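Here is a short report on one structure. Look it over first, then read on.

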Amino acid sequence: MRRMRLNTLALLMTLVTLAFIGALALSAAMPDSKKKPPSFPQSLFAQAKPEDYVTDDTCVTCHKSAHASAGNSPHALYVQNPKNPLDKRGCQACHGPGNNHIDHLLEEDKPFEHVISYTKAKPEEINAACLRCHTDTLTMAHWQKTSHARANIACTACHQLHWSDRTGKDRAKEPAAEDKKTGRGVSLRDTRSPVFPAAAEPKALLKADEPTLCGQCHKREVSEFRKSFHHPVPEGKMVCSDCHDTHPNRDNRKRLQTGKQNCITCHGKMAGPFVFEHDPVNSLSSEGCVQCHRPHGSHNPKLLVTFSRGLCNQCHSDKANNHYPGLSCWTAGCHSSLHGSNHERFFFAP
Ligand code: HEC
Ligand code: HEC
Ligand code: HEC
Ligand code: HEC
Ligand code: HEC
Ligand code: HEC
Ligand code: HEC
Ligand code: HEC
Ligand code: HEC
């Protein structure tokens with residue numbers, strides 16, 4: 001009986017120990033089985049052994065012109081730094097470990113599964129490849145909140161990384177029809193002429209000046225700048241990205257708001273504070289200034305939505321039939337300070 005008990009105890013203890021070891025082993029195994037293996041293109045780097053990286057000279061044997069044009073990118077300086085880890089060095093920093101690509105060249109059905117091709121990969125794969133390094137500008141989470149990400153657009157819709165010369169004169173190229181929607185890759189077929197010849201020079205490796213580049217997909221908005229009164233984008237004094245942030249991140253969330261907050265970064269005085277505030281100007285409503293102003297361009301002076309008392313009647317409809325100040329409520333010498341006043345509740349004087 002006692003012996004039995006002891007045996008049972010021993011058995012129990014063995015079981016407990018076994019269970020414990022099992023749990024340990026399981027918990028050690030868990031992280032791996034839970035963690036998803038990295039997907040393409042990160043998988044190329046994750047699976048690579050040091051010997052899978054080749055030198056740029058190897059690439060040149062087959063890609064001569066690409067080598068020359070990569071050398072003209074400001075990236076060249078960075079990726080040629082011998083202190084970088086292997087996966088951030090040379091052509092392979094952007095295109096993935098070379099041996100893998102070269103070994104699979106003869107597989108006709110899937111040559112592009114072993115190299116990061118910015119002309120064939122899916123936009124989200126391209127974006128992941130760029131964001132391996134560019135999380136200082138924005139993270140994947142920031143990017144995914146933008147309407148461009150939701151529309152399946154790639155970094156390479158706007159940015160070009162190989163230049164045929166240092167001046168970047170070859171930037172304004174028309175993408176192939178099939179790539180227009182996602183903006184993948186570049187085709188070197190015909191050079192695009194600028195929408196506004198005086199537009200500001202492109203910065204940050206953009207494929208073209210902003211009105212030309214953005215105008216590929218936003219024709220209507222760009223054509224609004226042709227109206228008689230407009231923000232001076234065609235004159236090169238402003239660019240689209242002064243108001244629209246294509247890379248919203250934690251630091252410049254403000255530029256995400258296209259309403260009042262955005263306008264008053266440059267027109268601070270217009271929003272007061274005033275002793276007597278005019279509700280639509282100073283309210284925190286997201287519409288704010290654009291209830292009366294067109295942000296891009298207008299046929300009316302001061303970018304107004306309409307140049308008549310109709311502007312005020314949008315809201316003051318009670319005045320439509322019993323109040324005749326003349327052509328417009330602000331030019332007749334009455335409500336001349338309609339953004340707000342420090343002296344007068346009817347905005348007759350500043
Ligand atoms: C032996 C010749 C050879 C070598 C060496 C070679 N490649 Fe390639 N590469 C090719 C071929 C062939 C293709 C497929 C071209 C095609 O079908 O359009 C290709 C395709 C590519 C593409 C995709 C092009 C596209 O249309 O988007 C990239 C990027 C690329 N190679 C980069 C590299 C890099 C970087 C290296 C060096 C690590 C390298 N290649 C080494 C022959 C080579
Ligand atoms: C900083 C990232 C980056 C580096 C470094 C880089 N590339 Fe590219 N490569 C790209 C992108 C992005 C494209 C798509 C076209 C473009 O944006 O210019 C591309 C396109 C290509 C193509 C296909 C288009 C073509 O011109 O035939 C080849 C081939 C290529 N690269 C090879 C190379 C080689 C070889 C090197 C090294 C000498 C290199 N790349 C370095 C990003 C890079
Ligand atoms: C291996 C890391 C790495 C990868 C991959 C990479 N970049 Fe960069 N990129 C850099 C670094 C570092 C700089 C800063 C270079 C400098 O200013 O000297 C830079 C600069 C830039 C600039 C700013 C240039 C300027 O004029 O201010 C842009 C735009 C850019 N990269 C876009 C891209 C895009 C788009 C991709 C994907 C096709 C990409 N990069 C892939 C490291 C990388
Ligand atoms: C719709 C066009 C567009 C797309 C798509 C786009 N960019 Fe940009 N990018 C711009 C513009 C415009 C600028 C210059 C103005 C600015 O700095 O906001 C810029 C500037 C940059 C810069 C240099 C300025 C800085 O913040 O350091 C980097 C780096 C950059 N982009 C990386 C990327 C990466 C990575 C992606 C893809 C996830 C991407 N861009 C997608 C338009 C675009
Ligand atoms: C390859 C095409 C393409 C390019 C290039 C492009 N966009 Fe867009 N943009 C889109 C698409 C698609 C949407 C999604 C909404 C839509 O269908 O209009 C969008 C949406 C927007 C929106 C609306 C934002 C919102 O919250 O609804 C703004 C603003 C914008 N883009 C500005 C720009 C600017 C500025 C540039 C140039 C730096 C630019 N875009 C370049 C395709 C493009
Ligand atoms: C002065 C600031 C400013 C400039 C410069 C500017 N925009 Fe806008 N944009 C706005 C505001 C504000 C709105 C929102 C309008 C509204 O809510 O009625 C807007 C809206 C848009 C939209 C979205 C339209 C929609 O129906 O959703 C697009 C696309 C756009 N702008 C593209 C551009 C492009 C392309 C350029 C450069 C050629 C540009 N913008 C320059 C302020 C600006
Ligand atoms: C990046 C700075 C900037 C931002 C942001 C900006 N503006 Fe402007 N705005 C300007 C400049 C520059 C002019 C041209 C001034 C000139 O020609 O003397 C201008 C002109 C105007 C004018 C015409 C003034 C006149 O005398 O005809 C109005 C109205 C105006 N902006 C309203 C707005 C509104 C509304 C917004 C927000 C949607 C806005 N602005 C955002 C810089 C900006
Ligand atoms: C209730 C309509 C209304 C609202 C809302 C409004 N404005 Fe105006 N704004 C006008 C009218 C009308 C004029 C022309 C009157 C004038 O010449 O003083 C004007 C003129 C301007 C001018 C040109 C001033 C000058 O001296 O030439 C700027 C800049 C301006 N507004 C910016 C803004 C900004 C920024 C906001 C938002 C904070 C805003 N407006 C909101 C109606 C409005
Ligand atoms: C988007 C709506 C809106 C527009 C457009 C608008 N207003 Fe107003 N306005 C208001 C609101 C709301 C008030 C504050 C509530 C009130 O007293 O009726 C106000 C107040 C006023 C007042 C002070 C009235 C009082 O009794 O204190 C005057 C004067 C005025 N607006 C003139 C104008 C003029 C002139 C225009 C055209 C240039 C205009 N408003 C356009 C919404 C608007």
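## The model

This model is predicted. Keep that in mind as you read.

## Around ligand 2

Start with ligand 2. The residues around it number 21. Ala66, Cys91, Cys94, Tyr118 and His162 come nearest.

What classes of residue make up the shell around ligand 2? Ten are nonpolar and ten are polar. One residue is charged.

## Val115 in its loop

Now turn to Val115. This residue sits in the loop between helix 7 (98–103) and helix 8 (123–131). Is Val115 buried or exposed? Val115 has 21 other C-beta atoms within 10 Å, so it counts as buried. The cut-off for buried is 20 or more.

Which residues does Val115 touch, leaving out those up to four places away in sequence? They are His95, Gly96 and His101. Val115 and Pro97 are 18 residues apart in sequence, and their C-alpha atoms are 7.5 Å apart in space.

## Around ligand 9

Ligand 9 has 17 residues around it. The closest are Asp279, Cys312, Cys315, Cys329 and His335. Two helices, helix 14 (279–282) and helix 15 (310–313), each supply at least two residues of this shell.

By class, the shell around ligand 9 holds ten nonpolar residues.

Note on methods. Residues numbered from 1 in each chain as written. Chains lettered and ligands numbered in written order. Predicted model: local features only at pLDDT ≥ 70, side-chain atom pairs only at ≥ 80, totals over all residues. Near = placed C-beta within 6 Å. Nonpolar A, V, L, I, M, F, W, Y, C, P; charged D, E, K, R; others polar. Helix = DSSP H or I, 4+ residues; strand = E, 2+ residues; numbered from the N terminus. Buried ≥ 20, exposed ≤ 12 C-beta atoms within 10 Å, placed from the backbone. Contact = placed C-beta atoms within 7 Å.
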